[in-house]
Amino acid sequence: MRSIIRAGGLSVLALVVAVPLLAATPAAAQQSPVPFDAQRGVFTFATGLERALPAVVQVTTLGQSEGPSSGENEPRPISSGSGAIIDAREGIVVTNNHVVEGGRKFTVDMTDGRIFDAVLIGTDKATDLAVLKIEAPGLSQVEVVNSDSLRTGDLAFAVGYPLGLDQTLTMGVISGMGRSGMGDRIEDYIQTDAAVNSGNSGGPLLDSRGRLIGINTSILSGSGGNDGIAFAVPSRILMYVVAQLRETGEVRRGTTGAIFGSLNAERSRDLGLGIVRGAVIEDVAPGSSAEAAGLQRGDIVTRIQNRPVSNAGTVAATIGIAERGTRLEVVYLREGREGRTALTVETPSERTAITGANVVMARGASVRLASEGLQVFAVEGGSAAAAAGLQAGDLIPLIDDTPIPGLDELAASLSGEGRRILSVMRGGEPVEIVLP
């Protein structure tokens with residue numbers, strides 16, 4: 001059984017598999033694309049990577065102590081991970097949200113043995129990113145480059161503090177780009193086979209010149225350990241989120257008024273399509289940018305901003321890092337014919353529930369009437385619904401112990417302010433969800 005595991009880890013890959021078997025001579029080095037250290041007579045990437053390593057740190061999160069304690073009730077370590085300093089002058093450290101979640105105090109350990117208390121600037125659950133700040137002299141920082149320049153097959157190096165070990169480096173390749181579908185978040189991941197294990201969360205993914213191209217966040221595993229499939233948040237998303245967190249302490253995202261679902265093989269067959277990748281428009285909010293762009297329920301978005309769309313996560317990632325007023329070029333299919341339009345990213349509506357022809361979107365959850373009842377089919381990353389634990393596939397028969405037979409009743413129940421208690425069915429089992 002496969003599982004998504006929040007990331008970490010590193011083991012060393014033999015460099016010899018990546019380079020031709022050549023004699024260690026200057027003449028041979030000139031024929032090889034791999035950097036050659038003539039003094040030692042070896043092929044190596046150390047020169048570029050060593051500049052980045054002092055900027056890779058260990059992050060320890062301390063939370064509430066449990067049970068009786070001697071003396072004061074001091075916070076105790078509850079989790080640890082890795083991080084990268086991206087601004088040495090200001091002491092800005094980037095890591096994962098799940099590394100710092102639930103913490104009261106944070107410390108950052110440097111490669112030179114120093115340790116500093118850190119202040120949490122902000123977090124973004126939708127991208128699983130967090131920003132810390134430390135006050136320290138003599139810091140190094142890692143150079144950040146745009147992940148849009150990456151190509152499948154590029155070398156990649158993961159750095160972090162896995163499995164209780166000291167700083168560790170592993171090597172692999174970029175296995176794929178634009179990966180999504182791992183959960184209800186803003187997803188557009190870099191996939192790599194560089195070994196990543198528990199403790200590497202929040203550590204940098206570097207290119208062969210030691211420049212940051214992503215932040216390691218999770219692995220896909222069938223065994224509970226590293227299976228050679230790891231995911232990193234690309235620097236394109238990272239730098240937008242970090243800038244927002246540094247400026248306001250939170251990420252404020254826009255909307256287009258379109259409700260997207262993921263196209264898969266089953267839905268493709270139901271719709272009579274010959275493709276299995278794309279985002280299905282489930283509904284369009286009246287008066288929205290999507291309606292003005294001419295998009296309709298049932299359209300299949302195949303490209304956005306000239307990026308191929310794998311599923312709804314690709315679209316959410318693009319909209320999620322776009323400034324308000326940005327026009328996003330969209331390619332879509334309607335009844336087998338290709339169309340083009342542009343979506344304008346708008347300020348989200350203050351309404352807590354938006355009703356379409358066949359869908360209600362409320363507090364980040366998109367719900368439609370299925371044969372089994374009211375069914376959640378999408379949960380927006382970073383929303384109240386996502387934070388409460390609502391999942392795609394959940395059935396909603398009751399809200400605050402009141403039966404909810406249809407979409408109108410659902411919209412009325414979720415409108416306005418205040419907490420709602422949803423009694424949902426998940427896999428045949430009852431689950432209670434508290435929506436803030």
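## Salt bridges

In this predicted model, a search of the whole structure turns up 17 salt bridges. One of them joins the side chains of D37 and R40, with 2.9 Å from N to O; D37 is partly exposed at 23% relative accessibility, while R40, at 52%, is exposed. R114 and D112 also meet through their side chains in a salt bridge, again described by an N to O distance of 2.9 Å, and R114 counts as partly exposed with a relative accessible area of 26%.

A further salt bridge brings together the side chains of D299 and R334, at 2.8 Å from N to O. This pair links distant parts of the chain, since D299 lies in the loop between α6 (289-292) and β18 (300-304), whereas R334 belongs to strand β20 (residues 327-334), 35 residues apart. D299 is buried, with a relative accessibility of 2%, and R334 is partly exposed at 25%. Beyond such pairs, D148, D188, R236 and R307 are connected to one another in a network of salt bridges.

Six strands form a closed barrel in the order β4-β5-β6-β9-β8-β7, and their pairing is antiparallel. On average, and with direction ignored, neighbouring strands of this sheet are turned by 40° against each other.

The largest nonpolar core has 51 residues, of which M110, L132, I134, V142 and L206 touch the most other members. Helix α4 contributes the largest share of this core, namely six residues. When residues up to four places away in sequence are not counted, V142 touches A52, A55, A84, I85, I86, L206, G210 and L212.

There is also a second, separate core, which consists of 21 residues and includes A353, A362, L390 and I399.

Strand β23 pairs with two strands described here. Strand β22 (residues 353-355) runs antiparallel to β23 and is joined to it by three bridges, with T355 standing opposite V360 in β23. Strand β24 (residues 365-370) is likewise antiparallel to β23, the two being joined by four bridges, and here M361 stands opposite S366 in β24. The hairpin of β23 and β24 has two residues between the strands, and in this hairpin R363 takes a positive phi near 55°.

## Helix α7

Helix α7 (residues 312-320) is mostly covered, as eight of its nine residues are buried. The buried residues of this helix are A312, G313, T314, V315, A317, T318, I319 and G320.

Methods: Residues numbered from 1 in each chain as written. Predicted model: local features only at pLDDT ≥ 70, side-chain atom pairs only at ≥ 80, totals over all residues. Heavy atoms only, no water. Salt bridge = Lys/Arg side-chain N within 4 Å of Asp/Glu carboxyl O. Buried < 20%, exposed > 50% of the residue type's maximum accessible area, 1.4 Å probe, protein only. Pairing = 2+ DSSP bridges. Axes fitted to C-alpha atoms, helices over the stretch in contact; angles between N-to-C directions. Core = buried A, V, L, I, M, F, W, Y, C linked by side-chain atoms within 4.5 Å. Contact = heavy atoms within 4.5 Å.
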